[in-house]
Amino acid sequence: MRNRFREAFRAILILLLCLVFPLPSFAQKQLLLPGKQDSVRFAVMGDTGTGGKPQYEVARQLAEWRTRFPFEFVLMMGDNLYGGQAPGDYRSKFETPYKPLLDAGVKFYASLGNHDDANQRFYKNFNMGGKRYYTFTPKPGVRFFALNSNYMDREQLAWLQTELRSSGGDWKICFFHHPLYSSGARHGSDVELRAVLEPVFVQFGVSAVFAGHDHFYERLKPQQGIYYFISGAGGQLRRGNIRQTNLTAKGFDQDNHFVLVEIAGDEMYFQTISRTGTTVDSGVIQRPKENLKEDSKNVPNKAALK
């Protein structure tokens, strides 16, 4: 009788402990995004196109998580194809690993990295429309701007100013390859590009910026009210490359990853997931109430432009 009582007590105790202290593997694989009605749902990844095992493993995780979080499109931070860029490379480094997503109708919106041939802009599945930089609006109130950070000339900057101004009070999210802020030991912050773009971002109320190039994940502390993310380890990884700086809100350089994002009203939720399915970062940011000054004019910029 006593043995039965002990066994029952032990079972109840274990159950209570599991409820209070759930197993890390279970907690880390929980979807933390709210899944609100009519929200904008997408994924972010960069530096993917190796054709190697890590890229394929990240792609499988991405497809698996979509069964729980049905995102509609993926933003690509550049370096979409490393090495050869013949038709066979498009198949092995993009079409094959992401086939389940492509078959499900998920769209990929690419930006160009320093390893990319500019002719990628004509590849149908990258949805660039033959342009080196472009904009799209998946739903009213949210607008994305894909920039070509390889070559930021006056023409592109003028286009960006015009398009940002016309966006009014929308969410304005820019994505491109080279990060304006980064704690990476290999590359780090692109200070020259920052001098050109940051005044425009601030003036026209850009809320969030995604970049790649550095092969890790980093969420930067807000800079002048703008949230910056680096997602550059969709296929490549530079382990242990994040330096200790005062820029980092959260960093992860131990494995490949991707980011899931949901925009609902004035809130943008994010969850960063590793190659093994572990959540390494999550949170929510608020859109500023005033993200466009009515007297905005072309932003004077003393930075040298090409």
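Student: Is D89 buried or exposed?

Tutor: First, this is a predicted model: local features need pLDDT of at least 70, side-chain atom pairs count only at pLDDT 80 or more, and totals for chains, interfaces and linings use all residues. Residues are numbered from 1 along each chain as its sequence is written, and side-chain values use heavy atoms, leaving out hydrogens and water. Buried means under 20% relative accessible area, exposed over 50%, and partly exposed in between (1.4 Å probe, protein chains only). D89 has a relative accessible area of 17%, so D89 is buried.

Student: Which residue does D89 meet in a salt bridge?

Tutor: A salt bridge here is a side-chain nitrogen of Lys or Arg within 4 Å of a carboxyl oxygen of Asp or Glu. The N to O distance is 3.1 Å, and the partner is K93.

Student: How far apart are the end C-alpha atoms of helix α7?

Tutor: The expected span is 1.5 Å times one less than the number of residues. For the 13 residues of α7 (residues 191-203) that gives 18 Å, and the end C-alpha atoms agree, being 18 Å apart.

Student: And T272, is that one buried or exposed?

Tutor: T272 sits in strand β12 (residues 267-274). Its relative accessibility is 0%, so T272 counts as buried.

Technical notes: Helices (H or I, at least four residues) and strands (E, at least two) are DSSP runs, numbered from the N terminus.
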